[in-house]
Amino acid sequence: PSRAMIMTGQAYHRIPMSLAGVDTLPQRLGEAGYTTFISGKWHNDPPALVRSFQQGKAIMLGGMSNHVEVPLVDILPERKLGNQRYGDGFSTEMFADEAIRFLSEYDGDAPFYCYVPFTAPHDPRQPPQEYRDKYYARNVPPPPTFMPQHPFDNGALLTRDENLAAWPRTEEVIRDQLAEYYGLVEHLDAQIGRILGALEKTKYADNTYIVFAADHGLGMGSHGLLGKQSVYEHSMRAPMIVVGPGVPHGETHALTYLLDTVPTIAEWAGMEALAPVDGTSLAALWRGERDSLRDVIFLSYEESQRALVES
């Protein structure tokens, strides 16, 4: 659902997860003259993938895989998917490698849209050994809201994520899983740094916008939960960082949502927003035109949980 929102700017209750019959942001950018590229995870249907992107290398279709045995496909020049193959390396590094290759080889006059949806830090939590060992050595503490057991049935206590450790949770198990989780995150940060370094070496460095975001976080012992299938803040509040021409250093406490990235990017591209769209351009915040975008955000997890966040 989060990826569907990033592609369309529409709330996830409105649209099919396959994106069938729905215009996507990269599709519209391509029609406006952009070169569009993807490397990474695509968890919506293949027809929407080839409709949205002109180029793509090392794409994983689905929700998760072993990080060192990743099933991959490429988008062929005739805009169809090639045969499945298995990558030779760690998922995060392979996706970064392809993004770097695209940036290094691109020399066109047309603007580009480079989308790199990583699988990390999704389980299996298996960071490269040096990244996990450093956190094992630190004996990282459990979160302040650690509980051995969630205090009530939230409707999602038997999901796959929650079966990755026994109930009741122990601090020892949570420390180990946090070490692996933090290792995956730091390794991911390093690969993003490689991509940004490659961009800096191109002629596009000064006029490229960069949006970094995540769709959720893991419980990792908070409230007794391991996974992301909840509406607690530890899962619903996610990072979003925007860098580019005219974007000042600073931060905002406005309530924003992933679907806001679509009208923001459309505004940068100088094209009409996708219609319909439920997001609001973020640009008004850093231009000082608005202090907030909305008074409330509605959150849900499938049929079992609902939450409202007020500003």
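## Surface and charge

The protein chain exposes about 15500 Å², of which carbon and sulfur atoms supply 51%. This is a predicted model, and in it the mean positions of the 26 positive and 40 negative charges lie 2 Å apart.

## Overall fold

Nine helices and nine strands are found in the protein chain. With a radius of gyration of 20 Å, close to the 19 Å that the globule rule gives for 311 residues, the chain is as compact as a globular protein of that length. Along the principal axes, its C-alpha atoms fill a box of roughly 55 × 45 × 40 Å.

Of the 311 residues, 50% are buried. Among contacts with a separation of 6 or more, 62% are made by residues 24 or more positions apart.

## Cis peptide bonds

D123 and P124 are joined by a cis peptide bond with omega of about 5 degrees, and P124 is placed in the loop between strand 5 (112-115) and helix 5 (129-138). A cis peptide bond also joins W167 and P168, with omega of about -10 degrees; here P168 lies in the loop between helix 5 and helix 6 (171-200).

Because buried means under 20% relative accessible area, A58 counts as buried at 3% relative accessibility.

M220, likewise a residue other than glycine, has a positive phi near 50 degrees, but M220 is placed in the loop between strand 6 (210-213) and helix 7 (233-236). At 2% relative accessibility, M220 counts as buried.

Methods:
Residues numbered from 1 in each chain as written. Predicted model: local features only at pLDDT ≥ 70, side-chain atom pairs only at ≥ 80, totals over all residues. Heavy atoms only, no water. Helix = DSSP H or I, 4+ residues; strand = E, 2+ residues; numbered from the N terminus. Rg over C-alpha atoms; globule rule 2.2 N^0.38 Å. Buried < 20%, exposed > 50% of the residue type's maximum accessible area, 1.4 Å probe, protein only. Contact = heavy atoms within 4.5 Å. Areas by Shrake-Rupley, 256 points an atom, 1.4 Å probe, with all protein chains shown as cover. Lys, Arg positive; Asp, Glu negative; His and termini not counted. Charge placed at Lys NZ, Arg CZ, Asp CG, Glu CD.
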